[in-house]
Amino acid sequence: MLTRKQYELLMFIHQRMKEAGIPPSFEEMKEALGLRSKSGIHRLITALEERGYIRRLPHRARALEIIKLPDTIAPSLSRATPGGFAPEVIEGSLGRVPAAVPPSDAAAPPSAIVPVMGRIAAGVPIEAIQDHTHDVTVPPEMLGPGEHFALEVKGDSMIEAGILDGDTVIIRRADTAHNGDIVVALVDDEEATLKRLRRKGGSIALEAANPAYETRIFGPDRVRIQGRLIGLLRRY
């Protein structure tokens, strides 16, 4: 499954190649997607190449070739506003607390299934991966009401909050959070990170729990909350 920005870029390249016969420049892509820098385009191109949608051809200017297009448009893409796509970190409606499934063994406790939707950075921000890779089983009392998803942690910026590289965090989907909550935050509609939320006047601070990492401060229009941490799983 593609993120909204990945889908938007792929379709822009496809349309431009139909009209002009050549791919758009990185500057044109940046302007079309409303990104602040070409580095975001580089990340999106790499993601599309890794997923098999495009191929970069060596030793040629604007050397992009579209290999395939998505078979269908994800439901959340169809809900985009008239002005453009409204990026989300997680696509789909998986992760709602299901009714308890009768266990095959009467002695087995009930459980809930939560989809793992890729990785989240606890360190230098990375683009969120939205593919449903697998499921995890969690105690239903961990979840409570609402929609939930899981992400695998990459990095060590939250170690003093007890979150380690390789942990799986359980997230309740939400677009708001209280001051001090640990959240999944989407920065500039490009990068996702797991940090503690602090509001400072009219700004939003994303605070690490590791003195090796500095607190990053953004204007409120640059950060979107995608969910709040409610638990984690760890394998030894």
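## Residue classes and the second largest pocket

Ala, Val, Leu, Ile, Met, Phe, Trp, Tyr, Cys and Pro count here as nonpolar, Asp, Glu, Lys and Arg as charged, and the others, Gly among them, as polar. By that division, the lining of the second largest pocket in this predicted model holds two nonpolar, three polar and four charged residues.

The pocket in question has a volume of about 180 Å³, and the residues that line it are His-134, Asp-135, Val-136, Glu-152, Gly-166, Thr-168, Leu-233, Arg-234 and Arg-235. Strand β4 (residues 134-138) supplies three residues, which is the largest share of the lining.

## Overall architecture

The protein has three helices and 11 strands, and its elements, read from the N terminus, follow the order α-α-α-β-β-β-β-β-β-β-β-β-β-β. Of the 236 residues in the protein, 43% are buried.

## Strand β3 and its partners

Strand β3 (residues 112-121) is mostly covered, with eight of its 10 residues buried. Which strands pair with β3, and in what sense? On the one hand, β3 is joined to β4 by five bridges, the two strands running antiparallel, and in this pairing Val-116 stands opposite His-134 of β4, a residue that also belongs to the lining of the second largest pocket. On the other hand, β3 pairs with strand β5 (residues 148-154) in the parallel sense over four bridges, and here Ala-121 has Lys-154 of β5 as its bridge partner.

The buried residues in α3 are Gly-40, Ile-41, Leu-44, Ile-45, Ala-47 and Leu-48. Seen down the axis of the helix, the buried residues of α3 fall within an arc of 160°, and they therefore line one face of the helix.

Between α3 and β1 (54-56) lies a loop that contains Gly-52.

Technical notes: Residues numbered from 1 in each chain as written. Predicted model: local features only at pLDDT ≥ 70, side-chain atom pairs only at ≥ 80, totals over all residues. Heavy atoms only, no water. 1 Å grid on protein atoms, 1.4 Å probe; cavity = no way out; pocket = protein on both sides within 12 Å on 5 of 7 lines; lining within 4 Å. Points joined across faces, edges and corners; volume = space filled by probe spheres on them. Buried < 20%, exposed > 50% of the residue type's maximum accessible area, 1.4 Å probe, protein only. Pairing = 2+ DSSP bridges. Arc of directions from axis to C-beta.
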